[in-house]
Amino acid sequence: MSMVSLPGLKELIESISLERNLPRLAVQSAIREALLKGYERYRRAQSLERRQFDEEYFQNFEVELDIEGEGFRVLSTKTIVQAVDNSDHQISLEEVQQVAPEAQLGDSVVLDVTPDQGEFGRMAAMQTKQVLAQKLRDQQRQMVQEEFQDLEGTVLQARVLRFERQSVILAVSSGFGQPEVEAELPKREQLPNDNYRANATFKVYLKKVSQGQQRGPQLLVSRADAGLVVYLFANEVPEIEDEVVRIVAVAREANPPSRYVGPRTKIAVDTLERDVDPVGACIGARGSRIQVVVNELRGEKIDVIRWSPDPSTYIANALSPARVDEVRLMDPETRQTHVLVAEDQLSLAIGKEGQNVRLAARLTGWKIDIKDKAKYDYVGEDTKFAEARSQYKPEADDLEIEELDYENQEGLEEEEEIFQMSDQD
């Protein structure tokens, strides 16, 4: 059998395998595919009378690597027929029976169709080189995807490599002893207080493993996702890991709309154990546990509040550190509430540029209006809501559909604004 020589093939496979951290078999597969594309280019150049080959025309061709001999062969599987219409796919029974008398019509034979060394051509060699580079990139992407697919929604240790536009390119690893791969931390997922200098290390939340052939890192990581806060608390608070304390909901504003307002998170916790204080467990003795989380998030303010099945109590807790005098659930269907506070608590309840009440609303899922208790008109507000409810009377036929739409919309809002733990129920 003839063979096209590839000097240094064995060393090439070894070097690519080490450089790109790919198994030798994966490198060999990429080389075979690249050589087959090069052969296709060679055939197209030779068959000038055939303007275009079908996409499936070369499916019966394959490349066989001879690693020890440092070369390759091109083989073609042909069907035995009486009269040949296409010599690439068929061979005559008479020709085959000259070497294999037992051959019959419809059988398949594998033939060596390797071109001569000099005929392969410079253009075919260039095509092979280009395809090999692409196939190796595809192999790497596939390996990264398989390696990190099950790690979506977890936290990884990352190291800053470089900067591209407003994104930070980080090196992350899936585990001890595993090689590092690149991940992208976009501007919107960064924290304003982070210092992304070269080789600085951070904990990042793996949001997404991209599937596709786009350039750049496949891994999208975040420092602003609420999942990072959940992980840090679970890592610091043994009661959460032991499921004695559970995190019910998290609302986070890591990148406030104004530079005059710092990042802030509200986290609601609960427990079924009477003797356990879930808030105290998360804060720790003299704030030791929560301080570790705050330090990792570069000084982000964190409010840990007690979850309650009673909406009024839950809303009052969510507005911490403000003192709430009364919570009035004005319309449970549309989840609107009025929260009454003393005049000296107004600014604290609302927060700087509305941040405190905004996060409380996201945490609880209720629309919260902060009111001065001394100036609050009970009768007037009750009348206003009563009139609004009387004007909105959906037809009986439309009621079920409208309720379904509201539930879907509510679900979308909660999914967008509140990180719910899987064990909430």
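How many aromatic pairs does the structure hold? The structure holds 7 aromatic pairs, where rings of Phe, Tyr and Trp (its six-membered ring) pair if their centres lie within 6.5 Å, and where planes under 30 degrees apart count as stacked, over 60 as edge-to-face and the rest as tilted. This is a predicted model, in which local features need a pLDDT of at least 70 and side-chain atom pairs count only at pLDDT 80 or more, while totals for chains, interfaces and linings use all residues. Residues are numbered from 1 along each chain as its sequence is written, and side-chain values use heavy atoms, with hydrogens and water left out.

Confidence comes before geometry. The pLDDT, which is the predictor's confidence in each residue on a scale from 0 to 100, averages 84 over the chain, and 87% of the residues score at least 70.

Helix α9 spans residues 311-318, and Tyr314, Ile315 and Ala318 are buried in it; buried means under 20% relative accessible area, exposed over 50%, and partly exposed in between, with a 1.4 Å probe and protein chains only. Seen down the axis of α9, its buried residues fall within an arc of 95°, so they line one face of the helix, the arc being that of the directions from the helix axis to the C-beta atoms. An α-helix has 3.6 residues a turn, so residues three or four places apart point the same way.

Tyr314 leads back to the aromatic rings. A pair of aromatic rings is described by the distance of the centres and the angle of the planes. Tyr314, buried with a relative accessible area of 8%, forms an edge-to-face pair with Trp307, at 6.3 Å centre to centre and with 65° between the planes. The ring of Trp307 also has the charged end of Arg246 sitting over it, 5.6 Å from its centre; for this, NZ of Lys or CZ of Arg must be within 6 Å of the ring centre and within 35 degrees of the ring normal. Another edge-to-face pair joins Tyr376 and Tyr378, at 5.0 Å centre to centre and with 90° between the planes; Tyr376 counts as buried because its relative accessibility is 9%, whereas Tyr378 is partly exposed, at 32%. Ring pairs also link Tyr39, Tyr57, Phe58 and Phe61 into a cluster.

Two asparagines in loops come next. Asn60 lies in the loop between α2 (24-46) and β2 (61-66) and is buried, with a relative accessible area of 16%. Leaving aside neighbours within four places in sequence, Asn60 is in contact with Leu75, Ser76, Thr77, Asp88 and His89, and a polar contact of 3.2 Å joins the side chains of Asn60 and Ser76. A polar contact is a pair of N or O atoms within 3.5 Å; within protein, one must be able to donate a hydrogen and the other to accept it, and residues adjacent in sequence count only if both atoms are side-chain atoms.

Asn255, in the loop between β11 (245-253) and β12 (264-271), is partly exposed, at 37% relative accessibility. The side chain of Asn255 reaches the backbone oxygen of Gln190 at 3.0 Å, and one of its polar atoms lies 3.2 Å from the backbone oxygen of Arg188. Between Asn255 and Leu191, 64 residues apart in sequence, the C-alpha distance is 6.7 Å.

Most residues other than glycine have a negative phi, and most peptide bonds are trans. The peptide bond from Ser320 to Pro321 is cis, with omega near 15°, and Pro321 is placed in the loop between α9 and β14 (326-331). Arg165 has a positive phi, near 55°; it is found in the loop between β6 (155-164) and β7 (167-172) and counts as exposed, at 86% relative accessibility. Arg335, in the loop between β14 and β15, likewise has a positive phi near 55°.

Definitions and conventions: Helix = DSSP H or I, 4+ residues; strand = E, 2+ residues; numbered from the N terminus. Contact = heavy atoms within 4.5 Å.
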